[in-house]
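Please look over the sequence and the model shown below before reading on. The report after it is written for someone meeting this structure for the first time.

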Amino acid sequence: MFIGAIGCEPLQLARVGLERSESLDTYRKHGGYEALGKVLNGMSPDDVIGELKKSALRGRGGAGFPTGMKWSFVPKDSPKPKYVVCNADESEPGTFKDRYLMERDPHMLIEGMLIAAYALGSKTCYIYTRGEYRYLIEIMDRAIEEARAAGLVGERILGTDFACEVYTHSGAGAYICGEETALLNSLEGLRGHPRMKPPFPAVAGLYGCPTVVNNVETLTAVPDIMKMGGEAYQKLGTEKSGGTKVWSVSGHVNRPGVYELPMGYADMEKFIMEDCGGIPNGRKLKAVIPGGSSVYIMPASDIEGKNVTMDYEGLVAAGSMVGSGGFIVMDDTVDIFESTKNLT
Amino acid sequence: MSKQFTPNNPLPQEAPVPDEIAQFSPAVEAEIDGHLAKYPVKRSAILPLMFVVQRERGYLDKPGVAYLADRLDVRVTDIWEVATFYSMINTEPVGKYHLQVCRTLSCKIVGADKITEHCASRLGIKPGETSEDGQFSLSEVECLGSCGTAPMMQIGFDYYENLTPEKVDELIERCRSNQLSNGVR
């Protein structure tokens, strides 16, 4: 399986191929926790949210909501505790990028969560991981302990007054718990039923307290944004879809894998036929589900010769959505009725 | 593998309190304390604790449910209510080796059905069944996030990817000779 960047320098996948990439040592040797240092020693919470807004980072879980705006909805003057929750449920069929981000680079997620906690005035972060990903919970737990031993989690982080705990939490098999309010119910020890909105989690989330729920890929983008600045990050992508995006490619391609592409990458046909190695056994492309099972299916006729750009606006213009980036390719042997039935 | 409560098979208003309550070693009690320490509200630890009880007792049995209700200060009914929602919580015994083959699209279009059929014919059970000797259970499950390395299955918590019928034969052989972890932890 391929894992790497095409058309840009790897950001989120920069360390995935390194030896012991999951270790604190490797992470720090390659710039890890420098962003946290920069934030804690000279940026105010408003500065952090300001940079995030400039970055045009949009939620990578599927909805594509601007992350800076989501963070700014958390009431600053609330006397209640505030929570940062990482959505690592990754239950959307066809999506597996978060798995590799956590497996190969767990400290990138911890650093992203710590920066979020600082910006939002939170002292507690939870990583809600689907129960099936037990081995990832074990990797994250080891990384959290490593970070704690190095003074990066717990009291007086990096010698400052900032204190924050990071905990893992396991789900137990429920697709719906990838929806943020169902996830919060599950984290409270209830059945994972979605809640009515409003109130939104930013106002009343975990235990009725202000809460930000972000996807793994969203939070792991934060350290690079703080390091390079929001504007530089945005410029890697398009005006409204800043930065890079990690796609999970599966199905009928010669080279399935995890691909980091700049937002606005052109075009989808080249991506399938060249970057992903084309369709196996000389067969023809029939359709693509570009963003996980919740997005519209694209027939080959909407892709071939249509110069579809791979970003939020480009995919909407082409009749589908980025969603979670779960990119499922189907060749001409697939019965579309059967494949749709499979996902229902 | 959980028993599902439906309108025709409703959950009683108040589930009976089991006569027996499970007991655990000091090491397991310490592990449970570790989970409880993560949350300001005890009930949040319900799923992590269910996994512990399941590992220790094979499945979430009635004495295990009574233990959880007591430990978390909630009703026995509350424990059943949560247990029956989540597919990974087993309220009935499962085989020592629980083979869970992904059936969702990315696996399906590269041969998941073949893998399931192969498992079924080798084990002599259908998906949803447990072998008479209690060694194997077979299930078809939804996407496990292994689409780039399809087809795949999970045995206990362990992933086995890029499967072929030959690899399945080898895995089953290693299960039969007790050379493979059952992935329960």
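Predicted model: local features only at pLDDT ≥ 70, side-chain atom pairs only at ≥ 80, totals over all residues.

Residues are numbered from 1 along each chain as its sequence is written, and chains are lettered from A and ligands numbered from 1 in the order in which they are written.

**The sheet of chain A**

Helices (H or I, at least four residues) and strands (E, at least two) are DSSP runs, numbered from the N terminus, and two strands pair if DSSP finds at least two bridges between them. In chain A, four strands make up an open sheet in the order β4-β3-β2-β5, with parallel pairing. Its edge strands are β4 and β5 (211–215) of chain A, each of which pairs on one side only, and neighbouring strands are turned by 20° against each other on average, direction ignored. Strand β3 (residues 124–129) of chain A runs parallel to β4(A) and is joined to it by six bridges; within this part of the sheet, Thr129(A) has Ser170(A) in β4(A) as its bridge partner.

**The sheet of chain B**

Chain B holds an open sheet of four strands in the order β2-β1-β3-β4, and here the pairing is mixed. The edge strands, each pairing on one side only, are β2 (136–141) and β4 (158–160) of chain B, and the twist from one strand to the next averages 25°. Strand β3 (residues 153–155) of chain B pairs with β4(B) in the antiparallel sense over three bridges, and Gln154(B) stands opposite Tyr159(B) in β4(B).

**Helices across the sheets**

The angles below run from 0 to 180 degrees between N-to-C directions, with axes taken as lines fitted to C-alpha atoms, for helices over the stretch in contact; two residues are in contact if their C-beta atoms, placed from the backbone, lie within 7 Å.

| Helix | Strands it lies across | Angle |
|---|---|---|
| α6 (106–120) of chain A | β2 (83–88), β3, β4 and β5 of chain A | about 150° to β2(A) |
| α7(A) | β3 and β4 of chain A | about 165° to β4(A) |
| α6 (112–123) of chain B | β1 (97–102), β2 and β3 of chain B | about 155° to β1(B) |

**Where the chains meet**

In all, 41 residues of chain A are in contact with 33 residues of chain B. On the side of chain A that touches chain B, at least two residues each come from α7 (134–149), β4 (165–170), β6 (244–251), β7 (257–262), β12 (326–331) and α13 (336–342), and β6(A) gives the most, with four residues. The residues of that side divide into 19 nonpolar, 16 polar and six charged, where Ala, Val, Leu, Ile, Met, Phe, Trp, Tyr, Cys and Pro count as nonpolar, Asp, Glu, Lys and Arg as charged, and the others, Gly among them, as polar.

Met1(A) lies in the segment before β1 (2–5) of chain A. Leaving aside its neighbours within four places in sequence, Met1(A) is in contact with Pro256(A) and Gly257(A), and also with Gly148(B) and Thr149(B). A residue is buried if 20 or more other C-beta atoms, placed from the backbone, lie within 10 Å of its own, exposed if 12 or fewer, and partly exposed in between; Met1(A) counts as partly exposed because it has 17 C-beta neighbours inside 10 Å.
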